[in-house]
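Please examine the contacts within and between the chains of this model.

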Amino acid sequence: MSNYERVAPYQPKYIMGLESSCDETSVAILANGNEVLANLVSTQIPLHAKYGGVVPEVACRAHMEVINPLIAEALEKAQIGFNDLEAVAVTCGPGLVGAVLLGVAVAKTLAGCLNIPLIGVNHMEGHIYSALLENRDIEFPMICLLVSGGHTMLYKVDGLGLYTLLGSTRDDAAGEAFDKVSKALGLGYPGGPKIQALAEHGNKKAIRFSRPMLNDGYDFSFSGLKTAVVLHLQSAERGSDADICASFQEAVVDVLSKKALRAVSQYQAKSLALAGGVSANRALRERLHQGAKRLGITFACPSLDLCTDNAVMIAKAGWELANRGLRSPLSLDAKPNLELV
Amino acid sequence: MIPKKIETKGIILGLDCSGESFSVAICQGEECLAQCGGFSPRSHLRRFFPALRDNLEVVGASFKDVEAVAVTVGPGSFTGLRLGVVTARTIAQVTGAKLLGINTLEALAMAYPGVKSLAVGLDARRGEIFGAFFDTSAGTSRRLTEDKAYKPEEFALAMQELNCTLAVGSGAGRYAESFPGTVVVPSASSQVRGDCVALLGFRDLREGKVIEPLALLPQYLRSAEIMVS
């Protein structure tokens with residue numbers, strides 16, 4: 001069943017975005033498609049830290065506690081009322097099924113009670129829009145590298161809504177590799193910020209970890225790299241944790257950036273975008289920024305608060321879908337394995 | 001069907017998503033104007049809200065006519081309870097309707113009046129039953145025991161002690177062979193009904209047991225810790 005039905009294009013003045021696909025609950029209000037009136041994010045990271053990863057039932061219970069209060073707070077922050085809303089956009093997948101379901105249930109109820117359009121948004125498309133929100137002069141085709149704890153995707157974007165998946169991970173996502181290496185080093189969860197912090201004091205050339213599938217199409221594989229780090233930890237000359245972190249991070253950044261830049265060249269892209277939680281990694285941002293500069297193309301990357309899951313990107317994607325004359329039926333379902341293309 | 005014209009005030013919604021069936025009832029006082037639902041495992045999200053909206057339309061009412069929303073808060077399927085509660089909460093938040101949290105077992109007992117000792121047990125998986133006992137001989141469900149997680153053999157023992165004659169609910173149905181001395185209603189025909197939820201909601205409303213909409217949460221009866229791994 002399709003997520004959309006076709007209607008006359010519309011431009012909701014105030015659109016509410018809802019995001020609850022993993023471990024952040026977020027509510028945002030966007031005016032005229034670009035003015036962020038509210039962006040509230042309630043993170044569950046401390047709740048999941050003791051388990052070393054996201055526990056679905058814990059996540060769902062936490063979403064349940066905060067989602068309605070966040071809506072009230074967002075309206076207050078935006079200084080508007082329920083009756084001012086003209087559309088509601090919500091992540092309908094991919095993600096944890098029980099968590100996505102909550103957001104969709106709330107969005108349907110808002111849409112049904114207020115008699116306004118409901119717009120289901122693919123979370124990945126939301127991330128792509130997070131890069132576009134602050135960079136309005138993007139030219140297509142654009143290569144978009146989307147990296148998070150659950151995903152590693154390389155897309156060619158030929159225009160709004162026109163996506164080609166060039167490659168994705170065959171095993172662990174890049175962010176997952178950060179989490180697992182961090183766990184092996186006893187640094188805790190989430191791994192990204194912890195490894196980045198230590199890496200800044202280390203030598204990225206200290207250990208030459210393999211670059212999995214570097215010259216092999218656009219797919220990624222990070223499971224072998226994680227295992228290489230774990231094996232290295234058991235070796236006699238393991239060196240400092242800082243060196244290990246710096247060398248591991250360098251290997252990940254190397255693979256991600258080389259493939260993304262190779263895609264830019266191959267498809268003669270006019271811009272490059274980086275999005276998803278791992279786009280908060282400074283080394284990765286810097287490497288892609290330099291690469292794009294060298295190639296003379298635009299580099300778009302969300303500001304740090306829009307890198308991780310947020311509802312602004314969902315509202316923005318919803319606004320664009322509205323402009324294309326799309327809305328979702330009230331029978332919209334949560335699709336844990338929803339794909340973009 | 002010809003939509004029944006109603007006075008616009010005083011609609012009570014009775015909602016349940018706690019099990020493998022869902023139910024939606026549109027009531028006015030103690031009268032049920034429309035009710036629908038049914039067995040729909042893994043498709044509650046798709047069907048629940050459209051069913052609610054369509055039923056309101058059928059009786060010629062809209063969300064702004066809703067005075068109160070009664071919803072089952074547990075025990076039950078965690079995901080299902082969350083769906084019901086978050087929907088009810090959001091309706092209350094948007095429309096200003098009053099919100100009432102109803103015990104699932106009590107709502108199920110309401111559908112079986114005239115029983116001195118009724119066992120109500122929901123399948124809680126992990127080899128357990130979320131159960132309680134009620135006296136419905138006076139027409140309403142008077143609680144005899146508190147909600148509790150039982151092993152089937154413990155539930156059987158409790159049935160004997162309370163001279164129970166009838167057992168209902170998905171848990172009673174699933175472990176029916178453990179309760180030889182008691183009449184067990186099969187699971188498929190003992191699902192919570194929205195009108196029973198609304199009736200209990202109407203009672204709570206008259207007693208002033210209204211809940212602040214943002215505060216209503218499911219009663220899980222089981223810690224999230226157990227769900228790890």
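Q: How many residue pairs are in polar contact across the interface of domain 1 of chain B and domain 2 of chain B?
A: The structure is a predicted model, in which local features need pLDDT of at least 70, side-chain atom pairs count only at pLDDT 80 or more, and totals for chains, interfaces and linings use all residues. Residues are numbered from 1 along each chain as its sequence is written, chains are lettered from A and ligands numbered from 1 in the order in which they are written, and side-chain values use heavy atoms, with hydrogens and water left out. A polar contact is a pair of N or O atoms within 3.5 Å; within protein, one must be able to donate a hydrogen and the other to accept it, and residues adjacent in sequence count only if both atoms are side-chain atoms. With both residues at pLDDT 80 or more, the number of pairs across this domain interface is four.

Q: Which residues form a salt bridge with a distance of 2.9 Å, N to O?
A: A salt bridge requires a side-chain nitrogen of Lys or Arg within 4 Å of a carboxyl oxygen of Asp or Glu. The rule finds one across the interface of domain 1 of chain B and domain 2 of chain B. The side chains that meet at 2.9 Å are those of B:E128 and B:R222.

Q: What area is buried between domain 1 of chain B and domain 2 of chain B?
A: Buried area is the accessible area (1.4 Å probe) that two parts lose on being put together, summed over both. Carbon and sulfur atoms give 52% of it at this interface. The total is about 900 Å².

Q: Which residues of domain 1 of chain B lose the most area to domain 2 of chain B?
A: Contact (heavy atoms within 4.5 Å) involves 11 residues of domain 1 and nine residues of domain 2 of chain B. Three residues together account for 51% of what the domain 1 side buries. They are B:N103, B:L221 and B:R222.

Q: What area is buried between chain B and chain A?
A: Here 29 residues of chain B are in contact with 32 residues of chain A. Carbon and sulfur atoms give 70% of the buried area, which is about 2,700 Å².

Q: Which residue of chain A forms a salt bridge with B:R82?
A: B:R82 is among the three residues of chain B that lose the most area to chain A, with B:L45 and B:R46. The rule finds one salt bridge across this interface. The closest N and O atoms are 3.0 Å apart, and the partner of B:R82 is A:E57.
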